[in-house]
Amino acid sequence: MSELDLGDAFTFDEVVDAVQRYTDRPLRIVELTELNESGGVCAVLLVGEAEDVVVHARSESLLHRQQFVLHELAHVILDHGDDPHVASQDVLLPDIPPMTRRRILARQDLESDDEVAAEVLADHLAAGIRRSASYESKFMEIFG
C-alpha cells in the first residue's frame, strides 16, 4: 500500500484516484444489476483499450458493494490476474477477451493465495476509509 501514498485514513475516492495514478489508466466503476452475487461473481475488473472498468453486483449494503470494488482494486494493486497458465476456453465465453476470461476463471478458487491476499488488502483499504474523518465522498454518488 505504500506505493499508493494514502496515509492511514482516506476516502473511497482517494483510493480510486490512487489506483488510477498507480496504473496510469482511467478507472470507471459500474453497477450491473444483472450480475448476481449469489452466482459466485460479485465483481470483475475489465481491462479495456482506453480505460479499466470494475463491474460489480448490486447489494442492499453500501459497505458490501464497496468491498466488492475494493477487492477488485486490490487485485490491480497486487498485479494479479494475468497468469497465462489459467485455462480459458473460447467456446465458454466467446465475446470476452482472453485475458479477461483467464482473470474470471482464475478467481473462482476463493481460497487461492491471490484471492486471500486481495481480500486482506481490501479489508485494509476499508479500514483506512473507516478511519477517514471525511467519509462522505463520491462513494455515495457512485453507489447511491
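First, the ground rules. This is a predicted model, where local features need pLDDT of at least 70, side-chain atom pairs count only at pLDDT 80 or more, and totals for chains, interfaces and linings use all residues. Residues are numbered from 1 along each chain as its sequence is written, and side-chain values use heavy atoms, with hydrogens and water left out.

Now the sheet. It is open, has three strands in the order β1-β3-β2, and its pairing is mixed. Strands here are DSSP E runs of at least two residues, helices are H or I runs of at least four, and both are numbered from the N terminus. Two strands pair if DSSP finds at least two bridges between them. β1 (27-31) and β2 (43-47) are the edge strands, each with a single partner strand, so one side of each has no neighbour in the sheet. β2 and β3 (residues 52-56) run antiparallel and are joined by five bridges. Val44, for instance, has Val55 in β3 as its bridge partner.

Which strands does α2 lie across? It lies across β1, β2 and β3, at about 145° to β3. Angles run from 0 to 180 degrees between N-to-C directions, with axes fitted to C-alpha atoms, for helices over the stretch in contact.

Last, the helix pair. The axes of α2 (residues 62-77) and α4 (residues 113-131) come within 8 Å and cross at roughly 120°. The two helices are therefore oblique to each other; under 35 degrees counts as roughly parallel, over 145 as roughly antiparallel, 65 to 115 as roughly perpendicular, and the rest as oblique.

Conventions: Contact = heavy atoms within 4.5 Å.
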